[in-house]
Amino acid sequence: MLRCFYLFAFICTSVHASVLEPVTLQLKWVHQFQFAGYYVAKQKGFYRQAGLDVNIIPAQKHQPDEQFKVLSGQAQFGVTHSGLLEQRMQGKPLIALASVFQSSPYCWMVRADSNIYSPKDFQGKKISHLGRTEGAELVLILERAGIDVSQLPIYSGLSPLQDFKAGQFDALLVYVSNEPFKMAQQGIATRQICPKHYGINVYADILFTSEDVYKYRPEMVAKFRSASLRGWRYALANLEEALQITKLYATQKSFEELANEADKLVPFINAPGIPIGNMSLARWQWIAQLYHLDIVAFHEHKNAFLYSEESATDINWSWMLILAVVMSILCVPMYVGLVLQRKSYSLMD
């Protein structure tokens, strides 16, 4: 039996020492603090400890398409927005694994000297172009205030920040950690009108994968998700170190910019009493209702759309069961041989 123990130890050591499994994570935007947890997971070795060699790919600034990259097999994982639910209900085989942001960091930015203080003040104002997929919550806060968005004049220029600064339109869709900081650096005071302030807390920066990846590599999905969330927990507990690590990737940004991003984004990630990455079925149903999606169709898709930690646990137990069976098959002949050997020694005596 001692020989069997050594064999078991050898197999376990071989598994850990095997070649790391290559994995690609496709971001929804360029490198910045928004993705700090993934950088930390890679640099601190959390992915490597999980047996993964992770390549983190930034989006093309003018053509981000993280969902296509995952569906086409160019990446195994991606980071996207809450519009993922609508895409799933339209037939795209996508699975939500975790929501890093508990609230959306998309906001309306207006000049501090404007007369826009709340959504109801948008009546007759000229706004930047936006769709209902990314930033749909910005449309919702206006509609809830009685604004007919279809009647608002739309800015369609090619230099939104410069034209906003010049006063050519009134409100610009922004990521709360980016454009307001750029305006402040240029001496332009602004204020932000954010969905979170009006009770619309939709999930954002959702880690996702495809059905194919989950079906054929479920254990890898579980390990990647776990290591990623570990990276986020470490990042938020060690912000200074997380900023230093993020700077290795976001080389185009100053440390001051990244520190501002962290200051602005952490409140959207940290929600009292909610673990990082948490998602609830009730919240997704609420999001479906906000976006005027078919609730009957939502219930048809919900089980396949939302990742379940319980299923991942079942997968891990299945793997251990398989290993136990293999070890039994290997060890039984050894045990029988050992018994026969002892009997032969007894007969000789």
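**Helix H2 and its surroundings**

Modeller: Let's start with helix H2 (residues 36-43) and helix H11 (residues 239-249), whose axes come within 9 Å of each other and cross at roughly 90°. That makes H2 roughly perpendicular to H11, a label for angles of 65 to 115 degrees, with under 35 being roughly parallel, over 145 roughly antiparallel and the rest oblique. The axes are lines fitted to C-alpha atoms, for helices over the stretch in contact, and the angles run from 0 to 180 degrees between N-to-C directions.

Before going on: this is a predicted model, so local features need pLDDT of at least 70 and side-chain atom pairs count only at pLDDT 80 or more, while totals for chains, interfaces and linings use all residues. Residues are numbered from 1 along each chain as its sequence is written, and side-chain values use heavy atoms, with hydrogens and water left out.

Now the residues themselves. On the H2 side you have Ala 36, Tyr 39, Val 40, Lys 42 and Gln 43, and they meet Ala 242, Ile 245, Thr 246, Leu 248 and Tyr 249 of H11; contact here means heavy atoms within 4.5 Å. Sorted by class, that contact has 7 nonpolar, 2 polar and 1 charged residues. For the sorting, Ala, Val, Leu, Ile, Met, Phe, Trp, Tyr, Cys and Pro count as nonpolar, Asp, Glu, Lys and Arg as charged, and the others, Gly among them, as polar.

H2 is mostly covered, with 6 of its 8 residues buried (under 20% relative accessible area; exposed is over 50%, partly exposed in between, with a 1.4 Å probe and protein chains only). The buried ones are Ala 36, Gly 37, Tyr 38, Tyr 39, Val 40 and Ala 41. After H2 comes Gly 45, which has a positive phi near 85°.

Helix H6 (residues 136-144) is mostly covered too: 7 of its 9 residues are buried, among them Leu 138, Val 139 and Leu 140. The cover over those buried residues includes strands S5, S8 and S9 (190-193) and helix H13 (281-290). Gly 146 follows H6, and its phi is positive, near 85°.

Strand S8 (residues 171-175) has 5 of its 5 residues buried. Ala 171, Leu 173 and Tyr 175 point one way, Leu 172 and Val 174 the other. S8 runs antiparallel to S5 (residues 106-111), joined by 5 bridges; two strands pair if DSSP finds at least two bridges between them. In that pairing, Val 110 has Ala 171 as its bridge partner.

Gln 168 sits in the loop between helix H7 (160-165) and S8, and is partly exposed at a relative accessible area of 45%. Setting aside neighbours within four places in sequence, Gln 168 is in contact with Lys 126 and Asp 163. Gln 168 and Lys 126 lie 42 residues apart in sequence but 8.4 Å apart in space, C-alpha to C-alpha.

Then there's strand S4 (residues 94-101): 8 of its 8 residues are buried, so S4 is largely enclosed by the rest of the structure. S4 is antiparallel to strand S10 (residues 204-210), with 6 bridges between them, and Phe 101 has Ala 204 as its bridge partner.

Stepping back, the protein has 15 helices and 10 strands, which are DSSP runs numbered from the N terminus (H or I, at least four residues, for helices; E, at least two, for strands). Of its 349 residues, 47% count as buried.
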